[in-house]
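These are my notebook entries on a structure that I am consulting for the first time. I record what I looked up, entry by entry.

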Amino acid sequence: NIENIASRNWYATGLFVAGKIQQALVIDIGSTTTDMMVVSEGKVWTQGNTDFTRMASNELVYTGLVRTPLMALAQKISFQGIEVGVMAEYIATAADVYRVLGELPQDADQQPAADNGDKTALASARRIARMVGRDVESASPEEWKNLAQQFADKQFQQLLTACERQLARGLLASSAPMIGAGCGSLLAKKIAQKLDRPYLDFSSFASKKIEYNQIVTACAPAYAVAALAMKEIH
């Protein structure tokens, strides 16, 4: 049975949170994908269990803070007042976007750059420029930053739409918080602010020293699996 071998680490995250809070929408934004889980009355209310059924319900969104190719975020983009097509080539990723914007968390980008080049703001801007057929020297740093922000906005809207779909199920009160996890938890916080909902970091539910907050949040499924296992043992 495929459900017996399907990845379920996301469920552990939801189950752990369900033991800590009455209601919440958990958003785990990783390097590659985003998992969304509605938690209510001590349960994780899933609509799907496989990648296919979870993608169909927007509980699994194939976009992340690091590895997502920019061609997956937009087919057209505006640059210098001109709408231009985005190259369908693996040239730049979301990590380049957030590096240029100064929002990429330390150690979040653990994969080689798309062109195997440097991981500096300038190198990232160069890769982003290539997505619209330009050289980085052909425009100002501010213009490349504006272009990066557009790609970030496209991804934000994709995630926001998925969140709104989960909230539209009517299982959560308007006061229910959104809980951010993963290396992209900063995006979850922005979504909560946009939807005027309280925000909590996953690490706020963990028993740990304060200096490990970022690690606990980034590795929420691993922490949740360990915590649930310890609970069973004891």
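**Entry 1: a pair at the end of H4**

Does Asp 135 count as buried, partly exposed or exposed? I looked up its relative accessibility, which is 48%, so Asp 135 counts as partly exposed. I note here that the model is a predicted one. I then looked for a partner and found that the side chain of Asp 135 meets that of Arg 130 in a salt bridge, 3.9 Å from N to O. Arg 130 also counts as partly exposed, at 34% relative accessibility.

**Entry 2: further salt bridges**

I asked how many salt bridges the structure holds. The total is 10. In general, side chains of opposite charge can pair when their charged atoms come close.

I examined Asp 96 and Arg 127, which form one of these bridges, with the closest N and O atoms 2.9 Å apart. The pair links distant parts of the chain, since Asp 96 belongs to helix H3 (residues 94–100) and Arg 127 to helix H4, 31 residues apart. Are these two residues buried or exposed? I found both Asp 96 and Arg 127 to be buried.

I next turned to Glu 137 and Arg 126, whose side chains meet in a salt bridge of 3.0 Å, N to O. Glu 137 lies in the loop between H4 and H5, whereas Arg 126 is in helix H4, so this bridge ties together parts that are 11 residues apart in sequence. I checked the accessibility of each partner. Glu 137 is exposed, with a relative accessible area of 58%, and Arg 126 is partly exposed, with a value of 36%.

I returned to the pair of Arg 130 and Asp 135, the bridge of 3.9 Å.

**Entry 3: H4 against H5**

Two packed helices are described by the angle between their axes and the distance between the axes. I looked up both values for helix H4 (residues 121–130) and helix H5 (residues 141–167): the angle is about 70°, and the axes are 10 Å apart. That makes H4 roughly perpendicular to H5. The crossing of H4 past H5 is left-handed.

Which residues meet here? From H4 I listed Ala 125, Ile 128 and Ala 129, and from H5 Trp 144, Leu 147, Ala 148 and Phe 151.

I asked how many residues of helix H1 (residues 9–18) are buried. Seven of its 10 residues are, and I therefore describe H1 as mostly covered, buried being under 20% relative accessible area. The buried residues are Trp 10, Ala 12, Thr 13, Gly 14, Phe 16, Val 17 and Ala 18.

**Entry 4: positive phi values**

I looked up the backbone of Glu 41 and found a positive phi of about 55°, although Glu 41 is not a glycine. Glu 41 is placed in the loop between strand E2 (34–40) and strand E3 (43–44). Its relative accessible area is 55%, and Glu 41 is exposed.

I then examined Asp 196, likewise not a glycine, which has a positive phi of about 55°. Asp 196 lies in the loop between helix H6 (185–194) and strand E8 (199–201). At 70% relative accessibility, I record Asp 196 as exposed.

Note on methods:
Residues numbered from 1 in each chain as written. Predicted model: local features only at pLDDT ≥ 70, side-chain atom pairs only at ≥ 80, totals over all residues. Heavy atoms only, no water. Buried < 20%, exposed > 50% of the residue type's maximum accessible area, 1.4 Å probe, protein only. Helix = DSSP H or I, 4+ residues; strand = E, 2+ residues; numbered from the N terminus. Axes fitted to C-alpha atoms, helices over the stretch in contact; angles between N-to-C directions. Parallel < 35°, antiparallel > 145°, perpendicular 65-115°, else oblique. Left-handed = near helix turned anticlockwise from the far one by under 90°. Contact = heavy atoms within 4.5 Å. Salt bridge = Lys/Arg side-chain N within 4 Å of Asp/Glu carboxyl O.
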